[in-house]
Amino acid sequence: MSDHSATAVVLGGSVAGMLTARSLASVGVRVTVVERDALPAGPEPRKGLPQARHVHQLWSGGAHAMEELLPGVTERLTKAGARRLPVTTDMVGLSPRGWYRRWAESHSMLLCSRDLLDATVRAEVLADERIELVERTEVLGLEGTAAAVTGVHLRAHDATRSTLRADLVVDATGRGSRTPKWLTALGLPRPQVREVDSGVAYASRLFRAPEAARDGFPVINVQPKPRAGGPGRGGVLLPIEDGRWLVTLFGTRGGEPSSCTADFDAYARTEQRHPILADLIARAEPLSEVAFTRTTANRRHFYERMARWPENFVVVGDALAAFNPVYGHGMSVAAQAALALRAAVQDHGWGTPGLSRRLQKAAARPARAAWDLAIGQDVFYPGAGAGPTRAERLVAAYVDRLTYTATGSGRVARALTDVMALEKGAGVLLTPRILVAAAVGPLRPALSGPPLTDDELKRAGLQ
């Protein structure tokens, strides 16, 4: 596209907003990113992103999309301390059906603090001269009609009000999105929405890893058992930059961790399905107090299903679909959605009638895949909401069988990571060879404990 008069406004300057701005700029659109907060210059915490204190990972499906939007960003992240982790080679995971074996690499994760990832992406995006950032500015509402959005009403930090007009407005304001109210103000109906809230709470703490374990240590992941009929409890140890471990402990309604730092180690030891996390952090140096949050519900707005949808408006990121962070899909979905928006503009042309509906459907596709993965587990926890439906029970039973089989079958483990990494759709789990493998079950006996190597145990001080 070569129309340099084309303009867009992206509301929200987090990962979803920045990657969306980049995708639009790459097809010739001049983009203004409007952010409520003042964004830090480097990898530092920011007010509007409290969830950054908890574990984050970028699955390979999202990393590939991000790399396509920002060529070289993966290398810049790794030079800054991020680590590419092969899956499942460098993962030690306790599934609901037993310990996974560490198979040859099928996919990967990119591991670092959220502050580092956000700062790196932000710097790359804002280096594009077609993208402008307006900070400390609140969005008050949409300008336009039920037929078409023409801009946004803004209030700056000094209380000055203005209207910013654009050919496209993108809501990437996250879980606090006010799009449902904005749409009704334009005369449109409220969208269909579904919420599945397991009541999970997260408590996270930073540690300095033992010196010998600061490089090349695996991710440790203790998963809950969603179909056990009670609260689910789990935890993750994520090696991040500067020789640190970020440890997040979580529990669903009735089994939540405490927000008190003094209770962190006890929860890791007595409330988890296995004490491996407690054993590891007992030999590490605490670097922070506990960060605690409860804002973790899965919430999906089905904007793509609305009978009427205004031209020139799109919703992406957590404003469209927010997931329980334990699955680590939010950033990957945002990257894939941004790439899908770019492809839709290239395929159909800027300003063509119906483009915004096509863009909304494009953004919904990666969100739908992650949504199905999340609610397929969380819907079984007490108090999570309506459901599970009969179909969800059948799917969950099959996934449970696959999980059990994957503890002793590399073929099934790879198929599951195909889907979890957002590299392939769930259809790969229904191929004849996977169906047969699930019927046969695991080919190797169950492991009796976490598959850490003797070298890893020694480096962590456990041997």
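**Helix packing, cores and local backbone features**

Helix 10 (residues 390-406) packs against helix 11 (residues 410-420) at an angle of about 130 degrees, and their axes lie 7 Å apart. Axes here are lines fitted to C-alpha atoms, for helices over the stretch in contact, and angles run from 0 to 180 degrees between N-to-C directions. Helices (H or I, at least four residues) and strands (E, at least two) are DSSP runs, numbered from the N terminus. The structure is a predicted model, in which local features need pLDDT of at least 70 and side-chain atom pairs count only at pLDDT 80 or more, while totals for chains, interfaces and linings use all residues. Residues are numbered from 1 along each chain as its sequence is written, and side-chain values use heavy atoms, with hydrogens and water left out.

Helix 10 and helix 11 are therefore oblique to each other. Angles under 35 degrees count as roughly parallel, over 145 as roughly antiparallel, 65 to 115 as roughly perpendicular, and the rest as oblique. The crossing of helix 10 and helix 11 is left-handed; that is, the near helix is turned anticlockwise from the far one by less than a right angle, whereas clockwise would be right-handed. Leu402, Thr403, Thr405 and Ala406 of helix 10 meet Val412, Ala413 and Leu416 of helix 11. The contact residues comprise 5 nonpolar, 2 polar and no charged. Nonpolar covers Ala, Val, Leu, Ile, Met, Phe, Trp, Tyr, Cys and Pro; charged covers Asp, Glu, Lys and Arg; the others, Gly among them, are polar.

Helix 2 (residues 60-69) and helix 8 (residues 330-348) pack at about 45 degrees, with axes 8 Å apart. That angle makes helix 2 oblique to helix 8. Their crossing is left-handed. Helix 2 contributes Gly61, Gly62, Ala65, Met66, Glu68 and Leu69 to the contact, and helix 8 contributes Ser332, Ala335, Gln336, Ala338, Leu339 and Arg342. These residues divide into 6 nonpolar, 4 polar and 2 charged.

The largest nonpolar core has 86 residues. Such a core is a set of buried Ala, Val, Leu, Ile, Met, Phe, Trp, Tyr and Cys residues joined through side-chain atoms within 4.5 Å. Buried means under 20% relative accessible area, exposed over 50%, and partly exposed in between (1.4 Å probe, protein chains only). Helix 8 gives the most to this core, with 11 residues. Leu19, Leu24 and Val31 have the most contacts inside the core. Leu19 touches Met66, Leu69, Leu70, Val121, Ala335 and Ala338, leaving out residues up to four places away in sequence. Contact means heavy atoms within 4.5 Å. A second, separate core has 27 residues, including Ala209, Ile220, Leu277 and Leu452.

Ser204 lies in strand 14 (residues 201-208). Ser204 is buried, at 2% relative accessible area. Beyond neighbours within four places in sequence, its contacts include Arg53, His54, Val55, Leu246, Phe264 and Glu289.

Several backbone features stand out. Most residues other than glycine have a negative phi, and most peptide bonds are trans. The peptide bond from Val87 to Thr88 is cis, with omega near 5 degrees. Thr88 sits in the loop between strand 4 (83-87) and strand 5 (91-95). Asp242, not a glycine, has a positive phi of about 65 degrees. Asp242 belongs to the loop between strand 16 (233-240) and strand 17 (244-251), and is exposed at 56% relative accessibility. Leu422 also has a positive phi, near 60 degrees. Leu422 is in the loop between helix 11 and helix 12 (432-440). At 9% relative accessibility, Leu422 is buried.
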